[in-house]
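Subject: Structure handover

Hello,

Here is the structure I said I would pass on. Please open it next to this message and follow along.

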Amino acid sequence: MNVLFIGDIVGSVGRAALKRVLPALKSKYNPHIIIVNGENAAAGRGITAAIAREFFEWGVHGITMGNHTWDNKDIFEWIDDEPRIVRPANFPPGAPGQGSAIIKANGKQLAIINLQGRTFLPPIDCPFRKADELVEQAREKTNNILVDFHAEATSEKIAMGWHLDGRASVVLGTHTHVQTNDDRILPEGTGYLSDVGMTGPRDGVLGMERNAVLHKFLTQLPTRFIVDEGQWHLHGLSIQLDDATGKAIKLQKIRLTEDEWLLM
């Protein structure tokens with residue numbers, strides 16, 4: 001089973017990159033199921049129903065979210081009706097939407113679970129205990145389980161990888177927008193990467209216009225951040241899983257830039 005995960009899609013530049021490159025990624029990696037993180041897809045903050053529909057029309061099968069889930073307020077009107085989107089499962093009880101889902105496509109099925117870290121982020125419910133609960137539930141239906149751990153601290157992400165080793169197929173970090181180089185398959189068969197990276201403006205600061213970010217750092221004054229424009233870069237991970245056991249067989253990082261992606 002082949003899974004393609006595309007890291008945090010940021011703004012219109014990130015959406016344009018996904019639309020342009022996805023056909024080539026399908027051709028090269030032959031994914032049965034495609035998952036993207038969409039929590040920054042709408043001008044860098046949140047997602048809209050229209051953007052989600054576009055992603056699905058382009059061939060995406062599931063969307064994970066993060067700490068910007070609620071930034072577009074209309075999401076409260078439709079998230080309960082969209083089973084292919086998951087938001088952090090450890091939001092407090094009563095939050096709209098769902099934290100896990102079973103995605104079915106091309107004769108395969110994959111459980112996706114979204115969790116949010118608590119280190120340097122709001123102190124929500126425990127992601128580790130919620131992971132235990134949801135992985136156990138998912139394994140009643142499938143051994144193929146992908147966890148998107150949307151977290152700030154590398155230590156917390158690594159800890160989650162070890163916590164779920166042998167129980168989840170792959171634990172991927174999102175949120176920090178910089179692809180890490182620590183991809184590995186842990187001893188009990190769980191694939192791990194601290195951060196998949198982002199898909200969006202290449203020459204900003206984590207996708208934001210860099211002069212505004214520099215102004216904030218230099219002055220410590222309130223500054224409005226907007227998504228940068230210009231050329232894009234795209235980051236993702238191709239994952240090969242053993243259908244029977246759900247264990248990771250192969251991980252391959254993807255890193256493309258607008259001016260060189262045709263060389264892939």
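Below is what was found in it, starting with how to read the values.

The model is predicted, so local features need pLDDT of at least 70 and side-chain atom pairs count only at pLDDT 80 or more, while totals for chains, interfaces and linings use all residues. Residues are numbered from 1 along each chain as its sequence is written, and side-chain values use heavy atoms, with hydrogens and water left out.

The sheet. Strands here are DSSP runs of E with at least two residues, and helices are runs of H or I with at least four, both numbered from the N terminus. Two strands pair if DSSP finds at least two bridges between them.

β6 runs antiparallel to β7 (residues 108-116), joined by 6 bridges. S100 is opposite I113 of β7, and K104 has Q109 as its bridge partner. The hairpin of β6 and β7 has 2 residues between the strands, and N106 takes a positive phi near 55° there. On to β8: β7 pairs with β8 in the parallel sense over 6 bridges, and A111 has I145 in β8 as its bridge partner.

Of the 9 residues in β7, 7 are buried (buried means under 20% relative accessible area, exposed over 50%, partly exposed in between, with a 1.4 Å probe and protein chains only).

β2 (residues 8-9) and β12 (residues 198-201) run parallel, joined by 2 bridges, with I9 opposite T199. β12 also pairs with β13 (residues 232-241), in the antiparallel sense over 2 bridges; there G200 is opposite H233.

Is H233 buried or exposed? H233 is buried, with a relative accessible area of 15%. Leaving aside neighbours within four places in sequence, H233 is in contact (heavy atoms within 4.5 Å) with M198, T199, G200, P201, R202, L256 and T257.

Regards
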